[in-house]
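Hi,

Here is the structure I promised to pass on to you. Have a look at it first, and my notes on what turned up follow below.

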Amino acid sequence: MDVAVVGAGYVGLVTGACLAHLGHSVICVDNNPVKIENLQQGHLPIYEPGLEELVRGGTEAGRLHFTTDLGLAVKASEVIFIAVGTPALPSGEPDLRYVEAVAREIGQHLDDRYRVIVNKSTVPIGSGDWVRMLILDGAAEAVQQRLSSQQMALAGGDPTPSSLATLDKSPCVPPFDVVSNPEFLREGSAIQDTFYPDRIVIGSNSPRAIEILRQLYEPILSRQQGLGGDPVPLLVTDLASAEMIKYAANAFLATKISFINEIANICERTGADITQVAEGIGLDKRIGRAFLNAGIGWGGSCFPKDLSALIQTAADYGYEAKLLRATVEVNREQRQRLVEKLQQALKVLKGKTIGLLGLTFKPHTDDLRDAPSLTLIEQLHRLGAKVKAYDPIVSASGMREGLAHVVVETDVFRLAQDCDALVLVTEWPEFLSLDYRRLAELMRRPLLIDGRNCLDRQAVQQAGITLIGVGW
């Protein structure tokens, strides 16, 4: 199929590259000319395992293209994905100005050929009808502009009834349907999540649109193109339900993490071990082991933004989402608890040197958005500590934006030099098998706080390092 993906950010670029790999012809559109030029040269704006190879393969095969020309992409495509950002406003509501601008412009370029407009961006419940209205507004504006231009052209002469009859009075209601198709991509495993999803959700009441998207995803649904595995469930819902599924899924996962952190804090006070507790409750099939890892809490771009949006949506309809508010509050406090652990171990932090193992909000990504490390850096700096950090991706890339008050080291052992404590913030695989004895020798004080409960306790302690975890 001919596909346009508007927005060459994380979701848009992954979606476009994967669809091109499946054999579709894809045009990725972005209004940032520098980003598009870099993509055309094979330079990606984000780090995601396997994505660079997919993009290169799609462009070399002639199935993946990049442009700033939205009109060109709309004209050439039968399926158009809206995959622009919806960042949170200070109020907690999502900023929808990018979605609005794209929807209007899509409408301006539609013609009498049927299109499916797919909301891939995470948008509030009810946005499908709003996007449809914006597209229609854009289409009407385009018709009015065309009529005005023709009238101005005729005004140079003496318009006659016959010349007025030549005016293009095309209807301003082009044939299209708006569909909600939420993404469930995890940074660091987005390619895997695209090709091997737990489900594909399509929100629409249009049988025609549903069938087109079913055909679009057929290689994934029926495990074609050598994907293998079991068929993937296709869930068809109404627009509002599909939009709610995305928010509800992220809200539940965030709540599960905050729940296990709450239990971990009780375990610390009662002598129980949260790792054993999580294993015990996780074996219950009604609960499951996933997302029961106590630690410093969640971050990233999705959970904070989506919970805030859902809380705000509830308030708009006269309901206070108390559980979701508590989920956010527990997560916020969990970051502070790691600072408190440092204070309990070192007493006064002023003048101490603290090293952070990891900066990104999770491994296998370069994303620092709402990363717990940023909160730790801010709090430790406020308390007078010197903060150093090492992250496999951030250190190698030379990224420094948003990293005030921290010395970013290029080597884990340079990080450990003269540190009074290390804090494991991101569970990068390389941190699980370090030379802990060497770390202990380099540190001023061999103290390590495992903010992800992922280290081998025995190995670390045998190296002479005092290890402090979360919930044990």
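**What turned up**

At 5% relative accessibility, Trp 298 counts as buried (buried is under 20% relative accessible area, exposed is over 50% and partly exposed is in between, with a 1.4 Å probe and protein chains only). Before I go on, please note that this is a predicted model, in which local features need pLDDT of at least 70 and side-chain atom pairs count only at pLDDT 80 or more, while totals for chains, interfaces and linings use all residues. Residues are numbered from 1 along each chain as its sequence is written, and side-chain values use heavy atoms, with hydrogens and water left out.

**Overall picture**

The protein chain has 19 helices and 14 strands; these are DSSP runs numbered from the N terminus, with helices being H or I of at least four residues and strands being E of at least two. Its C-alpha trace spans about 95 × 45 × 45 Å along the principal axes. Of the 472 residues, 51% count as buried.

Gln 336 and Ser 148 are 188 residues apart along the chain, and their C-alpha atoms are separated by 61 Å. Gln 336 belongs to helix α14 (residues 322-346) and is partly exposed, with a relative accessible area of 25%. For Pro 90 and Gly 57, which are 33 residues apart along the chain, the C-alpha separation is 40 Å. Pro 90 sits in the loop between β4 (79-82) and α5 (97-109), and it counts as exposed because its relative accessibility is 89%.

**Aromatic rings**

How many aromatic pairs does the structure hold? There are two, where rings of Phe, Tyr and Trp (its six-membered ring) pair if their centres lie within 6.5 Å, and planes under 30 degrees apart count as stacked, over 60 as edge-to-face and the rest as tilted. Trp 298 pairs edge-to-face with Phe 303, at 6.0 Å centre to centre and with 80° between the planes. Phe 303 counts as buried, because its relative accessibility is 12%. Tyr 390 and Phe 431 form an edge-to-face pair as well, at 6.1 Å centre to centre and 65° between the planes. Tyr 390 is in strand β10 (residues 386-390) and Phe 431 in the loop between β12 (421-424) and α18 (436-442), so this pair ties together parts that are 41 residues apart in sequence. Both Tyr 390 and Phe 431 are buried.

Charges over rings also turn up (NZ of Lys or CZ of Arg within 6 Å of the ring centre and within 35 degrees of the ring normal). Arg 132 has its charged end over the ring of Phe 176, 4.7 Å from the ring centre. The charged end of Arg 457 sits over the ring of Trp 472, 3.8 Å from its centre.

**Cysteines**

A disulfide is a covalent bond between the sulfur atoms of two cysteines. With the cut-off used here, a pair of cysteine sulfur atoms within 2.5 Å, the count comes to zero disulfides. Cys 18 counts as buried, at 1% relative accessibility. Cys 302 is in no disulfide either, with the nearest cysteine sulfur, that of Cys 18, 16 Å away. At 25% relative accessibility, Cys 302 counts as partly exposed.

**Backbone angles**

Most residues other than glycine have a negative phi, and most peptide bonds are trans. Gln 225 has a positive phi near 55°, and it is found in the loop between α10 (218-221) and β8 (234-237). His 364, also not a glycine, has a positive phi of about 65°. His 364 lies in the loop between β9 (353-357) and α15 (372-382) and is partly exposed at 33% relative accessibility.

Happy to talk any of this through when you have had a look.

Best wishes
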